[in-house]
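Here is a short briefing on chain contacts, core packing and strand pairing. Take a look at the model before reading on.

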Amino acid sequence: MEEYSTIVSGFGGQGVILTGKIIARSGMEEGLEVTWLPSYGPEMRGGTANCTAIISSKLIGSPVVNNPSSLIAFNEPSLDKFGASVREGGVIVLNSSLIEDHPEYGPTRVVPVSFNEIARQLENQKVINMVALGAWSHATEALSLEALQKGMKLTLEESGKGKFVEVNEKALEKGYAAAD
Amino acid sequence: MSKEALAEDTAGMEKVFDRPKSLNNQQFSYCPGCHHGVINRLIAETIDELGIQDNTVGTAPVGCSVFLYKWFDIDVIQPAHGRVSAVATGVKRARPDLNVFAYQGDGDFASIGTNNSTHAANRGDNITVFFINNTLYGMTGGEMSPTTLLNQKTTTTPKGRKAKDFGPPIKMSEMLSALDGPTYITRQAVYDVKRIDQTKKAIKKAFRIQTEGKGYALVEILSACPINWGMDPVKANERIKEEVENVYPLGDILDRS
Amino acid sequence: MGEKKLMRGNEAIAEAAIRAGCRNYFAYPITPQAELLQWMANHMPEVENGTFLQAESEVGAISMVYGAASTGERTMTSSSSPGISLKQEGISYLAGSELPSVIVNIMRGGPGLGNIQPAQGDYFQSTKGGGHGDYQLIVLAPSTVPEAAELTFESFDLADKYRIPVMVLADGMIGQMMEPVELPSPIDPSNLPDKPWATTGTNGRDPNVIRSFALGAENLKSINLDLQEKYEKIRKREIRFEEIGVEDPDILLVAFGTVARIARTARRLGKKEGIDIGIFRPITLWPFPDERLAELSESLDTVLTVEMNAGQMVEDVRLSVKSRAQTPFYGEQGGVVPTPSEILEEVKHHV
């Protein structure tokens with residue numbers, strides 16, 4: 001696969017950083033080259049947070065991308081900041097729970113999914129990021145649902161959060177289904 | 001007197017005084033009346049008496065005692081000015097089995113290295129620190145140090161140190177005694193036999209605190225610099241007793257051992 | 001080698017150091033290398049004789065390195081640009097006293113407080129002597145996370161081999177980003193060769209002295225000449241670089257660290273547009289691979305240097321290439337990372 005880059009962006013606390021890490025981890029488990037780069041420093045303490053995950057079958061050059069293949073936007077400021085930068089033929093997965101209207105982005109496909117509502121149905125607001133990731137999997141086909149479930153499981157287990165695997169699996173599935 | 005004549009002259013006599021084993025045969029290059037030599041000797045005697053010569057590492061300051069490595073028959077490290085406490089910490093943390101002492105002047109300990117000295121004390125690092133306070137920078141030419149007394153003339157306070165310009169003399173031992181970290185802090189002097197005996201006891205105690213793993217020990221020693229004070233050695237000794245001690249009183253300041 | 005792990009550069013460097021037998025680590029917190037310090041705080045105490053100490057200051061940390069390295073044990077500190085400036089006193093003393101030690105600089109924007117974004121403004125400081133006196137560090141510049149781990153691991157061997165401080169010079173991007181890493185297997189430091197010069201207590205031998213101090217001009221001259229002789233040996237033996245497509249390219253791009261990996265993407269973009277970009281990446285910034293670069297430049301028109309600074313390594317490039325080729329420079333500053341397409345645009349000005 002050619003370099004496939006994703007910017008994940010939202011408020012601090014929405015699980016943005018972890019979402020990007022799981023993309024990278026899942027890609028790695030699939031035998032791909034991966035990079036993950038956070039925005040770091042004062043902006044992470046409170047305001048918006050974003051990170052860039054790249055997966056590729058070839059050695060990855062720059063971990064910074066100006067025109068990502070896809071964007072996961074958890075909130076409106078994220079869409080404002082990165083929406084127009086997504087490359088032609090790319091995909092924007094956006095959180096329709098928090099983003100009411102969005103402009104057209106020409107040849108970029110926009111996939112609205114209500115991250116918060118679906119998480120609410122699962123009675124766990126913390127899983128909105130896995131809802132988003134499930135939707136991203138379906139909309140982009142960059143990584144399969146199974147690959148992401150595996151990457152998520154390993155990531156959570158290694159950080160001692162194994163008990164949350166089940167609900168996150170469900171969230172991935174629900175998100176995947178919602179992006180249909 | 002030739003060696004032969006000396007041997008003949010002293011035949012049958014018991015040897016009651018010798019160089020400590022922890023010093024080698026090099027002659028000190030300190031000025032007449034300087035106290036470094038006495039203090040160096042006391043440290044060496046103590047190392048001998050505690051039987052720790054083989055596993056002691058000394059860290060020396062920049063200044064007149066920069067040459068500790070020339071005189072001591074032990075491993076010596078010569079760090080940057082002011083960094084002696086931090087370097088001693090590095091040695092001790094890497095090799096807790098070694099006895100590590102820091103030897104620092106007032107410029108080193110109380111001025112350029114205050115940050116390092118203070119934090120080594122506050123961490124309660126298991127090291128023995130000797131703080132030689134002669135109230136000025138000796139080697140560079142007698143400039144004011146933070147411990148210079150008020151009205152004391154130095155080459156950078158030609159009219160005497162004024163508090164309004166440079167603040168009052170800093171009392172490191174009292175300052176560090178306000179911390180919860182250190183185990184033992186004492187101030188001593190070596191201008192007469194009685195004080196020399198007391199200093200020796202303090203040095204021994206400070207080393208024992210380390211060998212027993214009890215933490216940070218500081219022995220401040222008021223020291224004479226007759227050349228830069230512009231006095232003969234006897235007057236310099238008197239100055240410590242009559243002037244310096246008034247600002248820096250002798251005795252144990254903190255003892256948690 | 002073990003399994004692949006997804007790690008941040010800062011973490012991979014820290015773990016590689018522990019696996020290389022580093023048992024003493026002293027540092028002070030600063031962004032963007034904080035994860036390195038945090039990893040050490042968590043993992044150094046888990047290894048036998050492992051010492052982690054958060055120092056009172058950068059100056060304190062490098063002085064503790066001086067003390068611990070004097071005992072012959074493998075010792076490291078890390079920081080980022082402003083902190084490395086503070087450490088320069090200690091670095092000069094380490095070099096003068098010939099103490100093996102490893103210093104990691106995760107560069108950020110400068111001068112002054114600058115910012116915490118990735119930059120390469122410390123090339124001069126690292127390679128031309130940031131402290132006083134005639135000395136050199138071996139300077140290793142990784143361009144990926146796995147390479148950061150690898151070079152950190154090897155830096156301890158280099159430091160021991162030549163009794164020299166080694167600097168691993170990366171930047172905030174490599175420190176912060178994650179990539180899959182295969183870490184080297186840990187070594188047992190007790191199996192390392194003895195260091196007969198170390199201050200470990202005499203135990204019956206003659207005393208050892210660690211110092212950078214020598215009174216008398218002839219005395220110091222002779223010590224300094226010995227240092228220079230050592231540096232010459234390192235120049236002959238330890239130069240490292242990477243070449244990609246350097247056989248007859250339209251242009252040769254010289255870049256180190258982060259910029260070199262961005263240049264790879266620029267090369268790929270260039271290919272699509274029919275421009276053949278060769279890449280020459282110095283891995284040792286000191287010693288600089290001058291002879292090889294000179295050789296390559298014989299058949300080139302243009303050697304373009306790209307850096308995240310106002311033009312520092314380009315001086316070494318120009319000294320190497322001389323008048324054999326054009327030697328333009330393209331740089332970004334202040335934490336701005338050049339993009340592959342920006343580099344390609346610059347290339348187009350020269351081909």
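I77(B) has I210(C) as its bridge partner in β9(C). That pair belongs to a parallel pairing: 2 bridges join β2(B) to β9(C), residues 209–210. The model is predicted.

**Where chains B and C touch**
- The contact involves 28 residues of chain B and 31 residues of chain C.
- On the chain B side, β1 (56–59), β2 (75–77), α4 (84–94) and α6 (114–123) each supply at least two residues.
- The largest share of that side comes from α4(B), with 8 residues.
- By class, the chain B side has 14 nonpolar, 8 polar and 6 charged residues.

**Nonpolar core**
- The largest nonpolar core has 234 residues.
- V131(A) and F130(B) have the most contacts inside this core.
- The core draws at least three residues from each of two domains of chain C: domain 1 (4–202 + 224–237) and domain 2 (242–348).
- Beyond its neighbours within four places in sequence, F130(B) contacts I39(B), I43(B), F101(B), A102(B), Y103(B), Q104(B), V219(B) and I221(B).

**Sheet in chain C**
- An open sheet of 7 strands runs in the order β3-β2-β4-β5-β7-β6-β13, with mixed pairing.
- Its edge strands are β3 (51–54) and β13 (284–286), and each pairs on one side only.
- The twist averages 20° from one strand to the next.
- Within chain C, β2 (residues 24–27) and β4 (residues 75–79) run parallel and are joined by 2 bridges.
- N24(C) stands opposite T75(C) of β4(C).

Key:
Residues are numbered from 1 along each chain as its sequence is written. Chains are lettered from A and ligands numbered from 1 in the order in which they are written. This is a predicted model: local features need pLDDT of at least 70, side-chain atom pairs count only at pLDDT 80 or more; totals for chains, interfaces and linings use all residues. A nonpolar core is a set of buried Ala, Val, Leu, Ile, Met, Phe, Trp, Tyr and Cys residues joined through C-beta atoms within 7 Å. A residue is buried if 20 or more other C-beta atoms lie within 10 Å of its own, exposed if 12 or fewer, and partly exposed in between; C-beta atoms are placed from the backbone. Domain bounds come from an automatic or database domain assignment. Two residues are in contact if their C-beta atoms, placed from the backbone, lie within 7 Å. Helices (H or I, at least four residues) and strands (E, at least two) are DSSP runs, numbered from the N terminus. Ala, Val, Leu, Ile, Met, Phe, Trp, Tyr, Cys and Pro count as nonpolar, Asp, Glu, Lys and Arg as charged, and the others, Gly among them, as polar. Two strands pair if DSSP finds at least two bridges between them. Axes are lines fitted to C-alpha atoms, for helices over the stretch in contact, and angles run from 0 to 180 degrees between N-to-C directions.
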